[in-house]
Amino acid sequence: MDAFLVLLNACLLGIAYGFAEESKMIDEVKEFDDILKEENALAVLFTQTCCTCTDCVEAEVLLGGMSKELEDNLGILVLRVKEPALKSRYGIKKVPALAFIRDNKTAIYDGQFEFEALYYWMQDNRQPLTTDLDDSNFEHLTQAATGATTGDWLVMFHDGTCCKSREQIHLEDAGIKLRGRVNVASVDIRIAPETTKRFKVSSCPHIIFFRHQKLYRFSLPDITSKTLRKFSEGFYKNSKAEVVPLPASFFDKLTDKTVSFLEHNQMVFIIILVVTIIFGTFLLIYSAFKPDPHTKTE
């Protein structure tokens, strides 16, 4: 009986500890998300949950010493995160790691944890490289169909769920490496139906490289910063070149809306058609039997 009570107490303590750890995890994640909503620029240092990692301690000391200068000069808030759930969210597999988040767009630092290298990297990339495109600005910014005078564009189409944040991070990282040579952008198909239809995007994520009035669809199996750069720097030639279609004209849009209305309102269309036929028939009958006012009566 005593052994049973001891075992029961141990189980209860284990469950209580599990709930406490889970609650702590939820609190840390919630606190992080709250800060993310309030701040425009965050330097997030991911480390181990304990202090056995020498590199983590050194990185923490470095960022701690830089925090005031980063906040005063660049407006960047420094955070230290240990929670595994947040590491998974940003695809962090090795620590120490630094995620630079600005305007909800994330870049992962891949250099040495040294003051000058880290400071100038964040200074150079204070503004995100990924441009948000939609129906209203796609052609204006990319000029994809009119000669691409703004340069080459690597565009990722997504619906907010199919594309994990890690893939968006890879796109931002590729943009940093391709700076000055290739522009990177993302299109949320939920708010860009015309652009989505224009480029026949039927699956997500869908990546297209635009160059010299031609488009090339991403054909590599994995979406990483390396494969995105590789595709933009020459591998796109292995994909079929397609002529960039022109934006839909006003008449095209009107026709599409009419067809869409008829498809979703077939009964209304039938009723209107029947009423029109009946009204036309009565009008013809009335016109046929209406007496001619110029005819003399006997």
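Author: Start with the sheet. Six strands, in the order E5-E7-E6-E8-E9-E10, form an open sheet with mixed pairing. Strands here are DSSP runs of type E with at least two residues, helices are runs of H or I with at least four residues, and both are numbered from the N terminus. Two strands pair if DSSP finds at least two bridges between them. Strand E5 (130–133) and strand E10 (242–243) stand at the edges. Each has a single partner strand, so one side of each is left without a neighbour in the sheet.

A word on the basis. This is a predicted model, where local features need pLDDT of at least 70 and side-chain atom pairs count only at pLDDT 80 or more, while totals for chains, interfaces and linings use all residues. Residues are numbered from 1 along each chain as its sequence is written, and side-chain values use heavy atoms, with hydrogens and water left out.

Strand E9 (residues 214–217) pairs with E10 in the antiparallel sense, over 2 bridges. Leu215 has Glu242 in E10 as its bridge partner.

Step back to the loop between E8 and E9. Gln213 lies there. Its phi is near 60 degrees, a positive value in a residue other than glycine. Most residues other than glycine have a negative phi, and most peptide bonds are trans. Gln213 is partly exposed, with a relative accessible area of 38%. The cut-offs are these: buried is under 20% relative accessible area, exposed is over 50%, and partly exposed is in between, with a 1.4 Å probe and protein chains only.

Gln143 also has a positive phi, near 50 degrees. Its place is the loop between helix H5 (138–142) and strand E6 (152–158). Gln143 is partly exposed, at 23% relative accessible area.

Next, the cis peptide bonds. Cys204 and Pro205 are joined by one, with omega about -10 degrees. Pro205 sits in the loop between helix H7 (193–198) and strand E8 (206–211). Val95 and Pro96 are also joined by a cis peptide bond, with omega about 0 degrees. Pro96 is found in the loop between helix H3 (84–89) and strand E3 (97–102).

Now the rings. The structure holds 15 aromatic pairs. Rings of Phe, Tyr and Trp (its six-membered ring) pair if their centres lie within 6.5 Å; planes under 30 degrees apart count as stacked, over 60 as edge-to-face and the rest as tilted. Phe115 and Tyr119 are stacked, 6.0 Å centre to centre, with 5 degrees between the planes. They are 4 residues apart in helix H4 (residues 115–124), about one helical turn. Phe115 is partly exposed, at 33% relative accessible area. Tyr119 is buried, at 9%.

Phe138 and Phe199 make another pair. Their ring centres are 5.2 Å apart and their planes are at 50 degrees, so the pair is tilted. This pair links distant parts of the chain: Phe138 is in helix H5, Phe199 is in the loop between H7 and E8, and they are 61 residues apart. Both Phe138 and Phe199 are buried.

There is also a cluster. Ring pairs link Phe209, Tyr216, Phe218, Phe231 and Tyr236.

Last, a charge over a ring. The charged end of Arg102 sits over the ring of Phe100, 5.1 Å from its centre. The test is NZ of Lys or CZ of Arg within 6 Å of the ring centre and within 35 degrees of the ring normal.
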